[in-house]
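This briefing is prepared for a reader who will examine the model at the level of individual side chains.

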Amino acid sequence: MLDVSRVQKELVEVAGDKVSGVSIQLLGNSLSHLQGTIDGPSGTPYEGGVFTIDIQLPSSYPFEPPKMRFITKVWHPNISSQNGAICLDILKDQWSPALTLKTALLSLQALLSTPEPKDPQDAVVAEQYLKHNNTFIATARYWTEAFAKRSSIGLHEKIQKIVEMGFSEEAARAALQSSGGDENAALEKLCVG
């Protein structure tokens with residue numbers, strides 16, 4: 001059974017931290033499905049981006065790690081460019097109940113700063129990182145600009161495009177907000193959900 005009081009305490013801890021660049025919000029009424037965000041670390045190709053992470057808490061949490069994946073597309077050796085799957089030891093066999101959702105999100109933020117190409121989730125990205133680092137940096141920056149930058153500029157245009165496809169303005173705005181402004185992810189949510 002999910003330790004509800006522990007999860008609530010962790011959510012309060014993250015909400016009180018305005019410095020680390022991580023946040024968590026509830027999705028619906030269930031404490032087992034959350035959405036996290038991390039700011040791209042400065043001095044990296046991810047700087048200025050805000051990355052959204054889907055968080056599923058198993059019923060045995062905190063004795064079992066949370067299941068996390070990037071919703072925001074990111075070009076990184078340890079994150080799948082296709083589905084957002086993450087290769088990080090603390091989300092697998094190195095998890096400990098002493099760790100929290102905040103430490104997991106901070107670890108993801110640190111992973112953006114220090115890729116581990118020898119233990120990749122995405123072999124194509126890892127190869128580019130190792131053999132053509134300048135191209136890797138340029139691609140990672142481009143993906144950050146395209147998928148992770150939150151800007152009010154263009155938001156109205158994105159909403160209007162989605163409304164023209166037959167969705168309500170309210171639904172379009174909500175989908176864009178929960179997708180970090182990523183128009184494609186917002187459309188996918190609207191079509192699936």
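Contact means heavy atoms within 4.5 Å. By that criterion, and leaving aside neighbours within four places in sequence, isoleucine 162 is in contact with Phe167, Ala172, Leu176, Ala186, Leu187 and Leu190. The model is predicted. According to UniProt, in an unreviewed entry, the feature "domain: UBC core" covers residues 2-149.

**Annotated domain**

- The span of residues 2-149 is 34% helix and 18% strand.

**Aromatic pairs and a charge over a ring**

- Six aromatic pairs are present in the structure.
- In the pair of phenylalanine 51 and phenylalanine 70, the ring centres are 6.4 Å apart and the planes stand at 75 degrees, so the pair is edge-to-face. The cut-off for that class is an angle over 60 degrees.
- Phenylalanine 51 belongs to strand 3 (residues 50-56) and phenylalanine 70 to strand 4 (residues 67-70), so their pairing ties together parts that are 19 residues apart in sequence.
- Phenylalanine 51 counts as buried because its relative accessibility is 0%, and phenylalanine 70 is also buried, with a relative accessible area of 2%.
- Tyrosine 61 and tryptophan 95 form a tilted aromatic pair, with 6.0 Å from centre to centre and 40 degrees between the planes.
- Tyrosine 61 is placed in the loop between strand 3 and strand 4, and tryptophan 95 in the loop between strand 4 and helix 2 (101-113), so this pair ties together parts that are 34 residues apart in sequence.
- Tyrosine 61 is buried at 1% relative accessibility, and tryptophan 95 is buried with a relative accessible area of 11%.
- One aromatic cluster is formed by Tyr46, Phe51 and Phe70.
- Over the face of phenylalanine 147 lies lysine 73, at 5.8 Å from the ring centre.

**Annotated active site**

- UniProt, in an unreviewed entry, places the feature "active site" at Cys87.
- Cysteine 87 is located in the loop between strand 4 and helix 2.
- With a relative accessible area of 15%, cysteine 87 is buried, because buried means under 20%.
- Not counting residues up to four places away in sequence, cysteine 87 touches Asn78, Lys92, Leu111, Asp119, Pro120 and Gln121.

**Packing of helix 5 and helix 7**

- Two packed helices are described by the angle between their axes and the distance between the axes.
- Helix 5 (residues 155-164) packs with helix 7 (residues 183-192) at an angle of about 35 degrees, and their axes are 11 Å apart.
- Helix 5 contributes Lys158, Lys161 and Ile162 to the contact, while helix 7 contributes Glu183, Ala186, Leu187 and Leu190.
- In helix 7, the buried residues are Glu183, Ala185, Ala186, Leu187 and Leu190; their cover includes helix 5 and helix 6 (169-178).
- Isoleucine 162 is found in helix 5 and is buried, with a relative accessible area of 0%.
- Isoleucine 162 and leucine 34 are 128 residues apart along the chain, and their C-alpha atoms are separated by 25 Å.

- Glutamine 109 is part of helix 2 and is buried, its relative accessible area being 13%.
- Neighbours within four places in sequence aside, glutamine 109 is in contact with Ser20, Gly21, Val22, Ile38, Asp39 and Pro41.
- Threonine 44 occupies the loop between strand 2 (30-39) and strand 3, and is buried with a relative accessible area of 10%.
- Apart from neighbours within four places in sequence, threonine 44 is in contact with Leu112 and Ser113.
- From threonine 44 to tryptophan 95 the separation is 51 residues in sequence and 26 Å in space, C-alpha to C-alpha.

Methods: Residues numbered from 1 in each chain as written. Predicted model: local features only at pLDDT ≥ 70, side-chain atom pairs only at ≥ 80, totals over all residues. Heavy atoms only, no water. UniProt positions renumbered as here; feature names shortened; annotations may be inferred. Helix = DSSP H or I, 4+ residues; strand = E, 2+ residues; numbered from the N terminus. Phe/Tyr/Trp six-rings, centres within 6.5 Å; stacked < 30°, edge-to-face > 60°. Buried < 20%, exposed > 50% of the residue type's maximum accessible area, 1.4 Å probe, protein only. Lys NZ or Arg CZ within 6 Å of the ring centre and 35° of its normal. Axes fitted to C-alpha atoms, helices over the stretch in contact; angles between N-to-C directions.
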